[in-house]
Amino acid sequence: MIAMMWVRSTMTYRFSFAMTLFSNFTATIFDFVVIVLMFSQVDGLGGFSFAEVAFLYGTTSTAFGLADLAMGQVNRLGRRVRDGTLDTLLVRPVPVLAQVAADRFALRRLGRVSQGLLVLIWSLVMLDVEWTAVKVAMLPLMVVCGSLIFCAVMVAGASFQFWAQDASEVTNSFTYGGNTLLQYPPTIFAQDLVRGVVYVVPLAFVNWLPALYVLGRDAPAGVPGWTAFLPPFVAAACCLLTALAWRTALRSYRSTGS
Amino acid sequence: MRLYAAVAAGGFRRHATYRMATAAGVFTNTVFGFILAYTYRALWDERPHLGGYDMAEALAYVWIGQALLATAGLMGGGFEDELIERIKTGDIAIDLYRPVDLQLWWFSANLGRALFHLLGRGVVPMVVGAFAFDLALPSRALTWPAFLLSVALGVTVSFAVWYLVALSAFWLMDGAGTAQIAWLAGMFFSGMLLPLNVFPGALGEVARALPWASMLQVPADVFLEKRTGWALVGAYAFQLGWAVVLLAAGRFVQSAATRRVVVQGG
């Protein structure tokens, strides 16, 4: 309902909404244009072809876009903690997380999801993969689990802001940064970085590990091949841990009183 | 003049207060610097001397970009949100009463902000980048002041663009749409994602002629000593030209807005 309210409110400024939707779509396209420009100069990047990079791009962008649509607003939490308006949410009979997520719900973020899906579909047409039932099932699984993992990271970042208050940019480096990272093949990065993305912040499960399986390539950095099937478990674990972090953070919240 | 210097100092101090946000910004710039540096390395591995840069220059370009991202407000985040908010709520009426020039006031405040971000969010990522990667650094001492002058001109052009964007709120009431388009153009046409020298054909020609080129591409080329002698003078002329044109446009729009637009009541 709160989300609907914000949708109605943005619709009041129709012209502005049309522009934001359009620019949200194009903003994310430009991301991909950069990859197109790179491939206009080279044939492969880190041993990966254009279609394969497009596949990586499409899977992470769609997953990230969905997470951004659902939870993208939680990084405004720091501001609410700072100016004390969070208190309003605490007295309402609706879970705080749902309210924070719906706060200034931005329908324009559909732009990113649709753009990611377009690139994904296009890459599937271009890709030369021997499809099996498992590989086909892997596609929706990647998008769903991937967006759950991104959601978990966003909420974890928001929980951190109960203490840090105006450090929302740190979360951005994991969410937007992670999204950018996953658009490129793992072979071009330092292997320590790749390991960090597997074992510390489990972003690699969003697309790298399952995607490499779909593409029939070896998993990076000495990670065993069966990890490609782990995303549902990783996503579940992330959500659980994040829920705990969120509860703890909310319990320890002290209003600024202003 | 003293007044505007005080405003600039105020802008500097104000942003210096947000220590946590600055630390978070430094962290983010560093993370993105690493990601971009690796992708550039893969690209320049395949095609050495792409866009006239060698590997060390391409990597230096990445970190200059991270240093100037907040400084020149390539993706916004300078002053425009606040100005748009004041126009939306009608507080702008109070500003217009004041015996100061609106454009110069915001310009000074933004200059203070830019200087803080150059020091606060620019130097640390650059140093980290220089330790992690083999970067090309200026060989002549004079390149440093030449670079800083070019950055200052880039910040001026950036201000002029964002000022126009913010003033659009006088007519549209909600500046979010124009701000997003400007953000988009800033990200792509400043050369933040890929140097404009790498853009192929006509796209490259156009991108290098647009005002956004003066915010990152031109200062970076000055830093990398691609522009020296007369080419350096040409670079300054390019930046100055856009600054004058856009500031004049801002002045024109400002006078049109204050004459014709009914201020929102509050």
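Q: Let me start with one pair: in what do the side chains of B:Arg14 and B:Glu82 meet?

A: They meet in a salt bridge, with N and O 3.2 Å apart. The term stands for a side-chain nitrogen of Lys or Arg within 4 Å of a carboxyl oxygen of Asp or Glu. B:Arg14 belongs to helix 1 (residues 2–17) of chain B and B:Glu82 to helix 4 (residues 80–89) of chain B, so the pair ties together parts that are 68 residues apart in sequence. Helices here are DSSP runs of H or I with at least four residues, numbered from the N terminus.

Before we go on, a word on the model: it is predicted, local features need pLDDT of at least 70 and side-chain atom pairs count only at pLDDT 80 or more, while totals for chains, interfaces and linings use all residues. Residues are numbered from 1 along each chain as its sequence is written, chains are lettered from A and ligands numbered from 1 in the order in which they are written, and side-chain values use heavy atoms, with hydrogens and water left out.

Q: How many salt bridges does the rule count over all chains?

A: The count is six. One of them joins B:Glu57 to B:Lys226, with the closest N and O atoms 3.1 Å apart. B:Glu57 is buried, at 13% relative accessible area, whereas B:Lys226 is partly exposed, at 36%.

Q: Which residue forms a salt bridge with B:Glu225?

A: That is B:Arg140, where the closest N and O atoms are 3.9 Å apart. B:Glu225 is in the loop between helix 11 and helix 12 of chain B, and B:Arg140 is in the loop between helix 6 (102–132) and helix 7 (143–167) of chain B, so this pair ties together parts 85 residues apart in sequence. B:Glu225 is partly exposed at 22% relative accessibility, and B:Arg140 is partly exposed at 45%.

Q: What span should helix 9 of chain B have?

A: The expected span is 1.5 Å times one less than the number of residues. For the 14 residues of helix 9 (residues 176–189) of chain B that comes to 20 Å, and the end C-alpha atoms are 20 Å apart, which agrees. This helix is mostly covered, with ten of its 14 residues buried. Among them are B:Ala182, B:Leu184, B:Met187, B:Phe188 and B:Phe189. B:Gly191, with a positive phi near 90°, follows the helix.

Q: Turning to chain A, which residues are in contact with A:Ser61, leaving aside its neighbours within four places in sequence?

A: Contact means heavy atoms within 4.5 Å. The partners of A:Ser61 are A:Arg112, A:Gly116, A:Asn179 and A:Gln183. A:Ser61 is in helix 3 (residues 50–71) of chain A and is buried, with a relative accessible area of 2%.

Q: What area do chain A and chain B bury between them?

A: The size of an interface is often given as the accessible area lost when the parts come together. Here the buried area (the accessible area, with a 1.4 Å probe, that two parts lose on being put together, summed over both) is about 3,300 Å², 75% of it on carbon and sulfur atoms. Across this interface the rule finds zero salt bridges. The contact takes 38 residues from chain A and 36 residues from chain B.

How values were computed:
Helices (H or I, at least four residues) and strands (E, at least two) are DSSP runs, numbered from the N terminus. Buried means under 20% relative accessible area, exposed over 50%, partly exposed in between (1.4 Å probe, protein chains only).
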